[in-house]
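Colleague: I have a structure open and would like to learn how to read it feature by feature. Could you walk me through it?

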Amino acid sequence: MQRYNDFHSYSLKTYGKKTARLTVDGGFTCPNRDGTVGVGGCAFCAAKPQPVEPIGVQFTDQMNKAREKWGENLRFVAYFSAFTNTYESPEKLKERFEEAILLDVDGLMIATRGDCLSAPVLDILEEMSKRLEVIVELGMQTTNEHTILAMGRGYSHQSLENAVDALRARNIPVLLHLIIGYPGETMDDWMDSVSFCNNKEVHGIKIHSLFLEKGAALTRAYEREPFSLLSKEEYEEAVAEIIPHLHKDIVIHRLTGDPDREQLVAPLWARDKLRVISGIRKKLKDKKVKQGEHYEKNN
Ligand code: SF4
């Protein structure tokens, strides 16, 4: 029995086929790294610029691999995931997104920050969303302003809320990232994030544990003076508590993070994504709960 609304089920229900997400690096940067907002990036972020190949080249290899693995009955979504994918002039953004659309993808997923969605950029997203599925992914992480300050994200939760409202007003589906286990946060904070997602009727969420990769400011702080991180058991328990409070229609795109094995510093259990997912599923089964069961409007 499926106890939560995962991306695979959503894709089958909505489109009758599996969706393969093709990761695309559009060659963008981030205002929290280029000096506009900050230079060091968010405390937990270890993203590094990589050499960028043309979008068509990035696609071909991934498309072939997806077909080898899952067969021909697939739909493809171009997932602009690296850095801030609306941080460019509207003309350049349009050019880059159209390049992907020309490759015959069925949808776009565009990861960005809540402070990088100007009216002209929203116009482009809205126009494209009338032609194909466009999901905008925002790194909310938490609703707690103290944590947001500690993360050095460089914009407030209120700004993020404004961005969610602006996207929703244009009928553009919103996907929010939540981090479970940031230092100083408790279940109350995580439930608050869940309530926010419910109340904004977002399309989906991605849930991550806090993990520390080489190169992030928080990792350096941990190496100087280790602080407590959630154990695998604590993380699984927290996620199994959260899921029943989430509205049943919100699509869970991710249940745990997927750190680079070579880059991961702590906690080492985060390397084993499949074991974590199966631990969460077991907890939901043991508790005999499923997504939406404890949902209350404005909870
Ligand atoms: S998490 Fe996103 S917004 Fe923060 S530094 Fe990394 S790329 Fe920039």
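Predicted model: local features only at pLDDT ≥ 70, side-chain atom pairs only at ≥ 80, totals over all residues.

Modeller: Happy to! A residue counts as buried when its relative accessible area is under 20%. Here I148 has a relative accessible area of 3%, so I148 is buried.

Colleague: Where does I148 sit, and which residues does I148 touch?

Modeller: I148 belongs to helix α5, which covers residues 145–151. Leaving aside residues up to four places away in sequence, I148 touches T142, T143, R153, Y155 and H157. As for V202, 54 residues apart from I148 along the chain, the two C-alpha atoms are separated by 20 Å.

Colleague: Now to a whole helix. How many residues does α2 have, and what span does α2 reach?

Modeller: For span, one compares the distance between the end C-alpha atoms with the value expected at 1.5 Å a residue. Helix α2, residues 55–70, has 16 residues and reaches 22 Å, close to the 22 Å expected. Just after α2, G71 takes a positive phi of about 90°.

Colleague: Which residues of α2 are buried?

Modeller: The buried ones are I55, Q58, F59, M63 and A66. Looking down the axis of α2, its buried residues fall within an arc of 115°, so they line one face of the helix. On the other side of α2, K65 and E68 are exposed.

Colleague: What do the buried residues of α2 pack against?

Modeller: Their partners are β1 (18–24), β2 (74–80) and α3 (90–101).

Colleague: Let's turn to cysteines. How many disulfides does a search of the whole structure find?

Modeller: The test is whether two cysteine sulfur atoms lie within 2.5 Å. A search of the whole structure finds 0 disulfides. Take C116: the nearest cysteine sulfur, that of C30, is 7.2 Å away. C116 is buried, with a relative accessible area of 9%. For C197, the nearest cysteine sulfur is that of C42, 18 Å away. C197 is buried too, at 0% relative accessibility.

Key
Residues numbered from 1 in each chain as written. Heavy atoms only, no water. Helix = DSSP H or I, 4+ residues; strand = E, 2+ residues; numbered from the N terminus. Expected span 1.5 Å × (residues − 1). Buried < 20%, exposed > 50% of the residue type's maximum accessible area, 1.4 Å probe, protein only. Arc of directions from axis to C-beta. Contact = heavy atoms within 4.5 Å.
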